[in-house]
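Trainee: I would like to go through the labels on this structure. Please set each one against its definition.

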Amino acid sequence: MPNPLTLGFSPLSGKIYAGRSKPVKGAAPGVRQFTGDKVDVTDDALGCVADKLLKEGKPVRWDLGDGKILTLSAAISEPEQAE
């Protein structure tokens with residue numbers, strides 16, 4: 001598919017976007033650019049990650065490629081009581 005649906009994070013806005021994308025000419029492999037409209041899916045994306053972490057009950061780990069590992073986990077807590 002030449003313009004697949006892609007998710008991307010914007011460090012400027014702090015949001016996760018979904019939209020169609022194309023490869024960026026002359027850039028590293030895998031670098032893509034949104035074409036046309038993109039939609040803010042931040043809350044939905046984070047909700048899906050939370051659901052996955054809770055369902056699987058174990059941390060998710062990513063190799064960052066520099067010898068470091070990123071680990072995500074979820075914890076459930078009681079709401080704080082107002083005094």
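**Labels and their grounds**

Mentor: Start with the sheet. Three strands make an open sheet, ordered β1-β2-β3, with antiparallel pairing. β1 and β3 are the edge strands: each has a single partner strand, so one side of each lacks a neighbour in the sheet. On average, neighbouring strands of this sheet are turned by 45° against each other, direction ignored. Axes here are lines fitted to C-alpha atoms, for helices over the stretch in contact, and angles run from 0 to 180 degrees between N-to-C directions.

Mentor: A word on the source. This is a predicted model, where local features need pLDDT of at least 70, side-chain atom pairs count only at pLDDT 80 or more, and totals for chains, interfaces and linings use all residues. Residues are numbered from 1 along each chain as its sequence is written, and side-chain values use heavy atoms, leaving out hydrogens and water.

Trainee: What makes β1 and β2 a pair?

Mentor: Two strands pair if DSSP finds at least two bridges between them. Strands are DSSP runs (E, at least two residues) and helices are too (H or I, at least four), numbered from the N terminus. β1 (residues 5–10) and β2 (residues 15–23) are joined by 6 bridges and run antiparallel, so they qualify as a pair. Ser-10 stands opposite Lys-15 in β2. The two strands form a hairpin with 4 residues between them, and Gly-14 in the turn has a positive phi of about 75°.

Trainee: How do you know that β2 pairs with β3?

Mentor: By the bridge count again. β2 and β3 (residues 32–40) share 6 bridges in the antiparallel sense. Lys-22 has Gln-33 in β3 as its bridge partner. Ala-18 has Val-39.

Trainee: Why is the contact of Asp-40 with Lys-15 called a salt bridge?

Mentor: The term needs a side-chain nitrogen of Lys or Arg within 4 Å of a carboxyl oxygen of Asp or Glu. For Asp-40 and Lys-15, the closest N and O atoms are 3.6 Å apart, so the label holds. The pair links distant parts of the chain, with Asp-40 in strand β3 and Lys-15 in strand β2, 25 residues apart.

Trainee: What makes Lys-52 and Glu-56 a salt bridge?

Mentor: Their N to O distance is 2.6 Å, so this contact meets the cut-off too. Lys-52 and Glu-56 are 4 residues apart in helix α1 (residues 42–56), which means a separation of about one helical turn. The structure holds 2 salt bridges.

Trainee: Why is Ser-21 called buried?

Mentor: Buried means under 20% relative accessible area, exposed means over 50%, and partly exposed lies in between (1.4 Å probe, protein chains only). Ser-21, in strand β2, has 1% relative accessibility, so Ser-21 counts as buried.

Trainee: And Lys-15: buried, exposed or in between?

Mentor: Lys-15 is partly exposed, at 34%. Asp-40 is also partly exposed, at 39%.
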